[in-house]
Amino acid sequence: YNKIFPMNKSEKDEMIEQKCIELAWTEPKHFIQEKKLNYVFDSFLPDAIHFFTKIEEEKSPMKKIENMKEIFNSIYKLVKFNGDDNNTGVDDLMPILNYAFIKAKPIMIYSNLMFIDLYIGDLKNKEEGSQLTQLMALCDYICSLEAKDLLGVSNEEFTSKCSGNISFDNKSDSEL
């Protein structure tokens, strides 16, 4: 495992982690269309964060894949619980995944996804392959996310809040 999985964060991992810290102020309303904002996120978010953490902790590619699947299962359960499971597609699920991803602030997620990609095998053409592709696309999306990509956020507000989170996060780290 230590010979095929990088022990240090890649540049992409660092960029994703930094962007998630910058975007920690975001709320569901910044990603999810107004008609779905009445969703009850109470148990969903802790579950999603837990499964993102488990992807990092597990060493086995299959356990990483199982936890990736559980993230998506949590989203499906959220949609179903809120009575909106008819005609739900990727476009409906991605905003929820975006929000959960940012709140989870996954460590080394890109490296983990690349590791999963090495071992996904026959699952590449199944649901797991689609989920992996969505998460990899999400990594690129997060790295390039700007004010125009969020709902109801001006450039000034985006810049102000993102830079505020960076300075707050750096201050917290130095105080520890």
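## S163 in helix 7

In this predicted model, S163 is partly exposed, with a relative accessibility of 41%. This residue belongs to helix 7, which covers residues 155–175. Although 141 residues separate S163 from E22 in sequence, the C-alpha atoms of S163 and E22 are 6.7 Å apart in space.

## Helix 2 against helix 4

Helix 2 is formed by residues 44–57 and helix 4 by residues 90–104. The axes of helix 2 and helix 4 lie 9 Å apart, and the two helices pack at an angle of about 65 degrees. Angles of 65 to 115 degrees count as roughly perpendicular, and helix 2 and helix 4 are therefore roughly perpendicular to each other. The crossing of helix 2 past helix 4 is right-handed.

On the side of helix 2, the contact is made by F44, L45, A48, I49 and F52. Helix 4 contributes I96, L97, Y99, A100, F101, K103 and A104. Sorted by class, this contact between helix 2 and helix 4 contains 11 nonpolar residues and 1 charged residue, with no polar residues.

## N98 in helix 4

Helix 4 also contains N98. Is N98 buried or exposed? With a relative accessible area of 8%, N98 is buried, because buried means under 20%. Leaving aside residues up to four places away in sequence, N98 touches F31, L138 and Y141.

## The loop between helix 4 and helix 5

K105 and M108 both sit in the loop between helix 4 and helix 5. Most residues other than glycine have a negative phi. K105, which is not a glycine, has a positive phi of about 45 degrees. M108, likewise a residue other than glycine, has a positive phi near 55 degrees.

How accessible are these loop residues? K105 has a relative accessibility of 37% and counts as partly exposed. M108, at 7% relative accessibility, counts as buried.

## Helix 3 against helix 5

Helix 3 passes helix 5 in a crossing that is left-handed.

Which residues of helix 3 and helix 5 make the contact? From helix 3 they are P61, K64 and I65, and from helix 5 they are N112, F115, I116 and Y119. By class, the contact of helix 3 with helix 5 has 5 nonpolar residues, 1 polar residue and 1 charged residue.

## Cysteines

How many disulfides does the structure hold? The number is 0. C143 takes part in no disulfide, and the nearest cysteine sulfur to that of C143 belongs to C139, 6.9 Å away.

C143 is buried, with a relative accessible area of 18%. C162 is also buried, and its relative accessible area is 5%.

Conventions:
Residues are numbered from 1 along each chain as its sequence is written. This is a predicted model: local features need pLDDT of at least 70, side-chain atom pairs count only at pLDDT 80 or more; totals for chains, interfaces and linings use all residues. Side-chain values use heavy atoms; hydrogens and water are left out. Axes are lines fitted to C-alpha atoms, for helices over the stretch in contact, and angles run from 0 to 180 degrees between N-to-C directions. Helices (H or I, at least four residues) and strands (E, at least two) are DSSP runs, numbered from the N terminus. Angles under 35 degrees count as roughly parallel, over 145 as roughly antiparallel, 65 to 115 as roughly perpendicular and the rest as oblique. A crossing is left-handed if the near helix is turned anticlockwise from the far one by less than a right angle, and right-handed if clockwise. Contact means heavy atoms within 4.5 Å. Ala, Val, Leu, Ile, Met, Phe, Trp, Tyr, Cys and Pro count as nonpolar, Asp, Glu, Lys and Arg as charged, and the others, Gly among them, as polar. A disulfide is a pair of cysteine sulfur atoms within 2.5 Å. Buried means under 20% relative accessible area, exposed over 50%, partly exposed in between (1.4 Å probe, protein chains only).
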